[in-house]
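Good morning, everyone. Please look at the screen while I walk you through a few spots in one protein chain.

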Amino acid sequence: MIKKLWSREELILAFNLYLKTPFGKMHSTNKEVIHLAHLIGRTPNSVALRLVNFASVDPVLKARGIKGMDGGKKVVKPIWDEFFNNQEELIFLSERILAEKENQTIETKFDDLLFDIKDLKGDTKIREVKTRVNQNVFRQIVVANYSGKCAISGIDLPELLFASHIIPWSKNEEERLNPENGICLSALYDRAFDKGLIAVNEKYEILVSDKLRKKKDTEYYGKYFAPLESQSLILPQRYLPKKEFIQYHLDVVFNLNN
């Protein structure tokens, strides 16, 4: 029996799932693996194997000594390279293909994100749709990277979790979707990090700003911020916050409050 070769579309969909899947869940019994297998007419084992192939070409995992399976390395590497040369386009394309496989449009699938821009037209609407969809995917990638838990509090309720950009979205287009530029934080700490009231140093230790320390006599400081002064970040499975991004946040965002 001749094996059916994987198409570019199928590989893009597998890559999309690879980015969203915690490293320990890249197996054939994962419901998302089963769902994709059904959509593209493959077995769950076949899809799971492709995810592990992507792990074998992931430079971040290789640098940490984590290996995937080399067998399909040559098949998946062109997709990986394409992603890192044009992250925003490939992420959006993968979501559009996925929506089509699910018999939806990108607009209907993400209606909860796009309901307020229905009256926009032309290139303005296209740009806004792409931005919101990509931000949503970035959140999924970062939350998966931290095993669905806040890296400070350990809260694991999806409704309370945010993908906090280390370098803000508006400041660096090339790194917007880089999972090394995200930390999974619950609502309070996401806001504090975004406003430079807390930060993380290159040893992944949590820092509290002088502006926030001035509130040390308050009940909320003692409850929510005082414990952070001796705490380290709960580290992710795959993509550690990149140290040059951390330094940017320290220099540009955090130092405004010190």
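Let's start with one side chain. Phe 15 is buried, because its relative accessible area is 2%. Keep in mind that this is a predicted model.

What does Phe 15 pair with? Its partner is Phe 54, and the two rings form a tilted aromatic pair. Centre to centre, the distance is 5.1 Å. The planes stand 50° apart. Now look at where the two partners sit. Phe 15 belongs to helix α1, residues 8–20, and Phe 54 to helix α3, residues 44–57. They are 39 residues apart in sequence, so the pair ties those parts together. Phe 54 has 0% relative accessibility, so it counts as buried.

Here is a second pair. Tyr 189 and Phe 225 are arranged edge-to-face. Their centres are 6.0 Å apart, with 90° between the planes. This pair, too, links distant parts of the chain. Tyr 189 is in helix α10, residues 187–194. Phe 225 is in helix α12, residues 219–225. The separation is 36 residues.

How many aromatic pairs does the whole structure hold? The search finds 7.

Back to Phe 15 for a moment. Phe 15 and Phe 54 also belong to one aromatic cluster, together with Tyr 18, Trp 80 and Phe 83. Tyr 18 has another neighbour. The charged end of Arg 238 sits over the ring of Tyr 18. The distance from that end to the ring centre is 4.6 Å.

Next, the cysteines. A disulfide is a covalent bond between the sulfur atoms of two cysteines. How many disulfides are there here? The count is 0. Take Cys 150, which is in no disulfide. The nearest cysteine sulfur belongs to Cys 184, 6.4 Å away. A disulfide needs the sulfur atoms within 2.5 Å. Both residues are hidden from the surface probe. Cys 150 counts as buried because its relative accessibility is 1%. Cys 184 counts as buried too, at 0%.

Now some backbone angles. Most residues other than glycine have a negative phi. Ser 147 lies in the loop between α9 and β1. Its relative accessible area is 38%, so Ser 147 is partly exposed. Another is Tyr 204, with a positive phi near 65°. Tyr 204 sits in the loop between β3, 198–200, and β4, 206–208. Tyr 204 is buried, because its relative accessible area is 11%.

Last stop: the surface. Ile 155, Leu 157 and Leu 160 form a nonpolar patch there. Together they have about 230 Å² of accessible area. Where is Leu 160 in the chain? Leu 160 is in the loop between α9, residues 122–145, and β1, residues 161–165. Its relative accessibility is 37%, so Leu 160 counts as partly exposed.

How values were computed
Residues are numbered from 1 along each chain as its sequence is written. This is a predicted model: local features need pLDDT of at least 70, side-chain atom pairs count only at pLDDT 80 or more; totals for chains, interfaces and linings use all residues. Side-chain values use heavy atoms; hydrogens and water are left out. Patches are made of residues with over 30% relative accessible area and no salt bridge: like charges are joined within 9 Å, nonpolar side chains (Val, Leu, Ile, Met, Phe, Trp, Tyr) within 5 Å. Accessible areas come from the Shrake-Rupley method with a 1.4 Å probe; for residues, only the protein chains shown count as cover. A salt bridge is a side-chain nitrogen of Lys or Arg within 4 Å of a carboxyl oxygen of Asp or Glu. Helices (H or I, at least four residues) and strands (E, at least two) are DSSP runs, numbered from the N terminus. Buried means under 20% relative accessible area, exposed over 50%, partly exposed in between (1.4 Å probe, protein chains only). Rings of Phe, Tyr and Trp (its six-membered ring) pair if their centres lie within 6.5 Å; planes under 30 degrees apart count as stacked, over 60 as edge-to-face and the rest as tilted. A charge sits over a ring if NZ of Lys or CZ of Arg is within 6 Å of the ring centre and within 35 degrees of the ring normal.
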